[in-house]
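My entries follow the display.

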Amino acid sequence: MAPSIVLVSWMVLGLVMATSTTQVEAARAFFVFGDSLVDNGNNNFLATTARADSPPYGIDTPSRRATGRFSNGKNIPDFISWGDALGSEPTLPYLSPELKGDRLLVGANFASAGIGILNDTGVQFVSLSSSSQIPYFL
């Protein structure tokens, strides 16, 4: 099996497990690792061309403004954290200056667009590589 298929399979399994219960009583924290599919704005704080900070990104958000998500509205972690699965506030990007104090207790999003499973993938972009996301978490 190709490494990308294995990674996608694990991501889908994790999402199914995370959303399989109807309501979680009290979520401790929600941490997100990955690429542009789950990036909620880390690249807005990096000098990179892999950015989602201008239209058409964000056109379906309440503010109608780009948020750094590579979608026109919410992405998968938003549905999990804001929705019925966890029912908590959304996680902030790890590089956001607002992520401090009590906001860290909610969790953090380490995902960064332009990365791949291999460190050589997306080397042309300045991003939080897949091998650097876990050390930042630690």
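I looked up the sheet and found 3 strands in an open arrangement, ordered 1-3-2, with parallel pairing. Strand 1 (30–32) and strand 2 (92–93) are the edge strands, each pairing on one side only. I took strands as DSSP runs of E with at least two residues, numbered from the N terminus, and pairing as at least two DSSP bridges between two strands. Strand 1 and strand 3 (residues 107–109) run parallel and are joined by 3 bridges. Phe31 is opposite Ala108 in strand 3.

I note that the model is predicted: local features need pLDDT of at least 70 and side-chain atom pairs pLDDT 80 or more, while totals for chains, interfaces and linings use all residues. Residues are numbered from 1 along each chain as its sequence is written, and side-chain values use heavy atoms, without hydrogens or water.

I next looked up salt bridges (a side-chain nitrogen of Lys or Arg within 4 Å of a carboxyl oxygen of Asp or Glu); the count is 2. Asp78 pairs with Arg69 at 2.5 Å between the closest N and O atoms. I used buried for under 20% relative accessible area, exposed for over 50% and partly exposed in between (1.4 Å probe, protein chains only). Asp78 is buried at 2%, as is Arg69 at 9%. Asp53 and Arg51 meet at 2.9 Å, N to O; Asp53 is partly exposed at 37%, and Arg51 is partly exposed at 28%.

Last, I checked contacts (heavy atoms within 4.5 Å). Beyond its neighbours within four places in sequence, Val38 touches residues including Val32, Pro77 and Ala111.

Key:
Helix = DSSP H or I, 4+ residues; strand = E, 2+ residues; numbered from the N terminus.
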